Amino acid sequence: MNPVLKLLVEGGHLTAAQIAQVAGIPEAEVNRQLEQLKKDRIFLGWRPVLDLSRAEATAVRAVIEVKMTPERGGGFNRLAERISKFDEVESCYLMSGAYDLLIFVNGPSLQKVASFVSEKLSTLGGVLSTSTHFLLRSYKEGSFLIEAPAEDAERLKVSP
Amino acid sequence: MKRFVARHVAALPKSGIRDFFEIVSKMKDVISLGIGEPDFDTPWHIREAAIYALEKGKTHYTSNLGLLELRRAISTYVERNYTMAYRPEDEVLVTVGVSEAIDLALRALLNPGDKVLYHQPCYVSYHPSVALAHGVALAVPTREADGFALNAEDLERAWQPGCKVLMVNFPCNPTGGTCDRARLEKIARFAVEKDLIVLSDEIYSELVYDSAHTSLAAMPGMRERTVFLHGFSKAFAMTGFRIGYACGPAELVEAMMKVHQYSMLCAPILSQEAAVEALARGEDGVKEMREQYHRRRDLVVRRLNAAGLPCRAPGGAFYVFPSIASTGLGDRDFAYGLLQAQSVAVVPGTAFGEGGKGFVRASFATGYEQLVEACDRIERFVNAASPCPAPSSS
């Protein structure tokens, strides 16, 4: 795997200058490779991982299971792409099993999310049914533990 | 009260790391490259196995030798990775880390005054462990020019009548030195010729970067005269579990077990249960950690050389051992100066014996960001410390 991509996969938050040092290549080359990864649609972008419950920002998240009718020729793709374009949709996956799409939806209030489901999602042609589950509490977000203990250095500062 | 302390204990030198630790531990915002353990937490599946064992009420003694299930897993692991086959029933002993295993082996083998060859610079406990077992430790130098590998010729020179044991540690703490097969074969011939028992501490053997690790115990004629010492601390990031093992001929393992049963009884059962999990499902995690150490090694070696500290790429472990001679400072002055001026901790080479004079040990068991910052600071310190070049006379 390309070393820049490998460091991105490891999930640290290194700057381009730090990636350059670790990978042993010039910073300009790191930036070039990052651009190339973006062009190739491998690296889609950066996003902060936030626990908004601590910021007193109200956000409602739901997971929605969607059953739908596949189209001749295009399967689920056309409809899935159409659903993905709604701003409320954070992530959208085609699944194996009892339903077809799993959608993560985000909205400022319960009513907003509910109206998205009832007025937008379930009214789309091809959507057979939806099953909505509201998220109650988060324990881990994007690989970060929500209740991680304080990062005090547990290791002795010098040891043999 | 001093008069009550046994002479051989009173005579032990103060640890070269201890006083340094005292200073560092009182300072704030130090980037420490002085730590001899992984920065990775023990993989969760291993910790979870220990918790589960506790929940299941596994809180009793185990067999003195250790859980048979663990000894079987160790036997399989050692045969697959090191090619030596040991019977789980009587050739494997589970210990409280390799440190205990070394102590057991020396106490089981040495009569007062028996001599022990060990290479230096080396891990801080070797010389004291020999002294505590009433042996006489004979240091054999390893050199930077050889990548701190051990040469049979140096063993020949250091050998004296009365030598009974040879202790080796490759990959080596503090130098990161490894030993290639050609050198190991010569050392093996030397050990056979001199009728030595070998204690081979291979605690860093999963962490090699340039070529596969070869065990001295796998050399011709060595299995029957070698105690292979290994553990879980470094590769599986399990230092605090204190769990290791010794494999060797049944008579030697039996002798070590006698000392173990009267001093330790058995290794803690929770650590043994965690070790079973580590061997069953931990190898992918080891591979990931090794890859990260590898990249960090390359980063630190490149940066230290660029900063003017000659530093070869260590073949294994997670330490670099650069020469600091070019700064005109001694290794203790360098380490204290770097700590005071730039708040970076490295360990003076002489903490690992006289052979470490003119070197420092820097551990790269630390995250990338910290390593980059530490290298920047070391560079600033070296630039400020270097004696000005004499003006050219032409």
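Predicted model: local features only at pLDDT ≥ 70, side-chain atom pairs only at ≥ 80, totals over all residues.
Residues are numbered from 1 along each chain as its sequence is written, and chains are lettered from A and ligands numbered from 1 in the order in which they are written. Helices (H or I, at least four residues) and strands (E, at least two) are DSSP runs, numbered from the N terminus.

**Contact between the chains**

- Chain A gives 12 residues to the contact and chain B gives 22 residues, where two residues are in contact if their C-beta atoms, placed from the backbone, lie within 7 Å.
- The side of chain A that touches chain B is made of five nonpolar, five polar and two charged residues; here Ala, Val, Leu, Ile, Met, Phe, Trp, Tyr, Cys and Pro count as nonpolar, Asp, Glu, Lys and Arg as charged, and the others, Gly among them, as polar.

**Helix pairs in chain B**

- Two packed helices are described by the angle between their axes and the distance between the axes; axes are lines fitted to C-alpha atoms, for helices over the stretch in contact, and angles run from 0 to 180 degrees between N-to-C directions.
- Helix H5 (residues 97-109) and helix H9 (residues 250-263) of chain B have axes that come within 8 Å and cross at roughly 105°, and they are therefore roughly perpendicular to each other.
- Angles under 35 degrees count as roughly parallel, over 145 as roughly antiparallel, 65 to 115 as roughly perpendicular and the rest as oblique.
- On the H5(B) side the residues are B:Leu104, B:Ala105, B:Arg107 and B:Ala108, which meet B:Leu252, B:Ala255, B:Met256, B:Val259 and B:His260 in H9(B); by class this contact has seven nonpolar, one polar and one charged residues.
- Helix H11 (residues 283-306) and helix H13 (residues 368-385) of chain B pack at an angle of about 10° with their axes 10 Å apart, and are therefore roughly parallel to each other.

**Helix H8 of chain B**

- H8(B) (residues 181-193) has 13 residues and reaches 18 Å from its first C-alpha to its last, close to the 18 Å expected at 1.5 Å a residue, the expected span being 1.5 Å times one less than the number of residues.
- Its buried residues are B:Leu184, B:Ile187, B:Ala188 and B:Ala191, and they cover an arc of only 105° around the axis, which puts them on the same side of H8(B).
- The arc is that of the directions from the helix axis to the C-beta atoms, and a residue is buried if 20 or more other C-beta atoms lie within 10 Å of its own, exposed if 12 or fewer, and partly exposed in between.
- The face of H8(B) turned away from its buried side carries the exposed residues B:Ala182 and B:Glu193.

**Backbone positions to look at**

- Most residues other than glycine have a negative phi, and most peptide bonds are trans.
- A cis peptide bond, with omega about -10°, joins B:Phe170 and B:Pro171, and B:Pro171 is in the loop between E5 and H8 of chain B.
- A:Arg41 has a positive phi near 60° and counts as exposed, with 7 C-beta neighbours inside 10 Å.
- B:Arg242 has a positive phi near 50°, but it counts as partly exposed, with 18 C-beta neighbours inside 10 Å.
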